[in-house]
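Hi everyone, thanks for making time this morning. I'd like to walk you through one model, starting with the overall picture and ending on a single residue.

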Amino acid sequence: MTTTSAIFAFPADLIRRAARGTALPVATILLLALILWYAGTVFLNAAVVTDQYQRDRKTSWTTEEFIADTMSMERPVLPAPHQVAAELEKSIFGVRLTSKRNLLYHAWVTFSAAFLGFVFGNLLGIALAIAIVHLKSLERALLPWVIASQTVPTLAIAPMIIVVLGSIGFVGLLPKALISTYLCFFPVTIGMVKGLSSPEPIQLDLLRTYSASEVQTLRYLRLPASLSFLFPSMKVAVALAIVGAIVGELPTGAQAGLGARLLAGSYYGQTVQIWSALVAASVLSGASVGLIDLGERWLDRRLGGQR
C-alpha cells in the first residue's frame, strides 16, 4: 500500500470501526440533539428578541444578527448549548474547587445522598427479592405492594419523609438518601426476582439430588444466575437515586446540591443556571451508569465471561 492510499485508508478504517460499535450512532444522535436545541433556542427566544427590538425602536436587522441575539440573551427562555457550556466552565473552573459556589461541590452533595440511597435501595431490593423467591406466600402478599408503592408520586412523598424525619432529629443527608432508596429499590427488586427465578428446573433438581440446602442453592446457582439481571437493574436504579436526591433537595430549600442550584435559578429567573444544573445532573447519572457498567464487565471477566 502506498503512502497516499494509507493516508486515505486510515480515516475510512476508523469510520468502519465506529459504525460497528456505538460511537457513531451516539455521535449522530448527539449532533441531531444539538441541531434541534439550537433551532429551539431561536424559535423560543424569537418573541422576546422581537419585543426588545420594538422597545428599542429598531426597525431593521439582518437574519444573522437576529439569530445571534436569540443566542446571547442574559435570561433566555431556552439558553443555547454554548451558553450552558460557558456557565458550566464558569461554575467549575471559574471558582475555587473548595468553594461552595463551585458546581462540583453541589454535584458531590447530591451524589453523596444518591449513593447512600442507592446502597440502601440495593440491599433492600435484594433482600425483598430473596424473600419473595423463597416464600411463595410473600410473592402473593408482598409483591403487589412493592409494585403499588411506585404509584405514589415522589414529589408528594418527599415532603412527608423530610417533615417526619426532621421532627425526630434526622436532617441533611439521611432524608434525601431515603427518598433515593424509595425510588431505586423497585427496579432492583423486580430484576432480582426475575434473576433468582431464572435457573431451569433441571438445574434446581440437580442440586436437590446432591442434598443442597436453600442457602447453598442460593449461593451457587440463584445468585450467579441473577447477575445478568442485577446489573441492568442497578443502572436504572442509580439514575433514579440521583433523581430522588435532587427531588429531596427541593422541598427543604436546600443550600447545597444540584436541587439547590435549580431552586436558586428558578427564584431569580436564571435559566442558564437551571440548564447547567440539569446538564450536570445528566452527566452525573451517565457517569454513575458507566461505573456500574465497568463493574459489570470486570465481574464478568473474573467469572470467565467474554465481555
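A quick word on method first: accessible areas here come from the Shrake-Rupley method with a 1.4 Å probe, and for residues only the protein chains shown count as cover. On that basis the protein exposes about 18,300 Å², with carbon and sulfur atoms supplying 69% of it.

Please keep in mind that this is a predicted model, where local features need pLDDT of at least 70, side-chain atom pairs count only at pLDDT 80 or more, and totals for chains, interfaces and linings use all residues. Residues are numbered from 1 along each chain as its sequence is written, and side-chain values use heavy atoms, leaving out hydrogens and water.

So, what is in the fold? There are 13 helices and zero strands, taken as DSSP runs numbered from the N terminus (helices are H or I, at least four residues; strands are E, at least two).

How about the overall dimensions? The C-alpha trace spans about 90 × 75 × 35 Å along its principal axes. The radius of gyration is 25 Å, while a compact globule of 307 residues would be near 19 Å; this is taken over C-alpha atoms, with the globule rule being 2.2 Å times the number of residues to the power 0.38.

Buried residues make up 36% of the 307, where buried means under 20% relative accessible area, exposed over 50%, and partly exposed in between (1.4 Å probe, protein chains only).

Ser 276 counts as buried because its relative accessibility is 0%. Beyond its neighbours within four places in sequence, Ser 276 is in contact (heavy atoms within 4.5 Å) with Val 84, Glu 87, Leu 88 and Leu 103.
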